[in-house]
Amino acid sequence: MTVKPREKSRESDDDPVESMLKKSGCLELHYKVQECIATTKDWRKCQNEVNDFRICIEKHKQGVLQN
């Protein structure tokens, strides 16, 4: 099963969480976490994906804090 990004309507703005993840550069890793959870039905089996996503977010936070 592949998780695809939601299609936005032309009238609405981007989802704020998705927009933040795009800016951070971590959106694809977020999708990998979602896909793993959808496939395995158990987030505990997705620790590699969750960890990669966490590291990406932490790197983004560090870059924001340094600016």
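The legends below describe close-up views of a predicted model, covering a helix pair and the disulfides.

**View A. Packing of helices H2 and H3 in the predicted model.** Helix H2, spanning residues 27-40, packs against helix H3, spanning residues 47-66, at an angle of about 160°, and their axes lie 9 Å apart. Because angles over 145 degrees count as roughly antiparallel, H2 and H3 are described as roughly antiparallel to each other. The crossing in which H2 passes H3 is left-handed. On the H2 side the contact is made by Leu 29, His 30, Lys 32, Val 33 and Cys 36, and on the H3 side by Glu 49, Val 50, Asp 52, Phe 53 and Cys 56. Sorted by class, this contact of H2 with H3 comprises six nonpolar, one polar and three charged residues.

**View B. The disulfide between Cys 26 and Cys 56.** The structure holds two disulfides, and one of them joins Cys 26 to Cys 56 with an S to S distance of 2.0 Å. The link of Cys 26 and Cys 56 is left-handed, with -95° about the S-S bond. Cys 26 lies in the loop between helix H1 (16-24) and H2, whereas Cys 56 lies in helix H3, so the pair ties together parts that are 30 residues apart in sequence. Cys 26 is buried, at a relative accessible area of 0%, and Cys 56 also counts as buried, at 16% relative accessibility.

**View C. The disulfide between Cys 36 and Cys 46.** The sulfur atoms of Cys 36 and Cys 46 are 2.1 Å apart, and this link is left-handed with -90° about the S-S bond. Cys 36 lies in helix H2 and Cys 46 in the loop between H2 and H3, so the pair ties together parts that are ten residues apart in sequence. Both Cys 36 and Cys 46 are buried. With the bonded cysteines of the protein numbered in sequence order, the pairing reads 1-4, 2-3.

Terms used
Residues numbered from 1 in each chain as written. Predicted model: local features only at pLDDT ≥ 70, side-chain atom pairs only at ≥ 80, totals over all residues. Heavy atoms only, no water. Axes fitted to C-alpha atoms, helices over the stretch in contact; angles between N-to-C directions. Helix = DSSP H or I, 4+ residues; strand = E, 2+ residues; numbered from the N terminus. Parallel < 35°, antiparallel > 145°, perpendicular 65-115°, else oblique. Left-handed = near helix turned anticlockwise from the far one by under 90°. Contact = heavy atoms within 4.5 Å. Nonpolar A, V, L, I, M, F, W, Y, C, P; charged D, E, K, R; others polar. Disulfide = S-S within 2.5 Å. Buried < 20%, exposed > 50% of the residue type's maximum accessible area, 1.4 Å probe, protein only.
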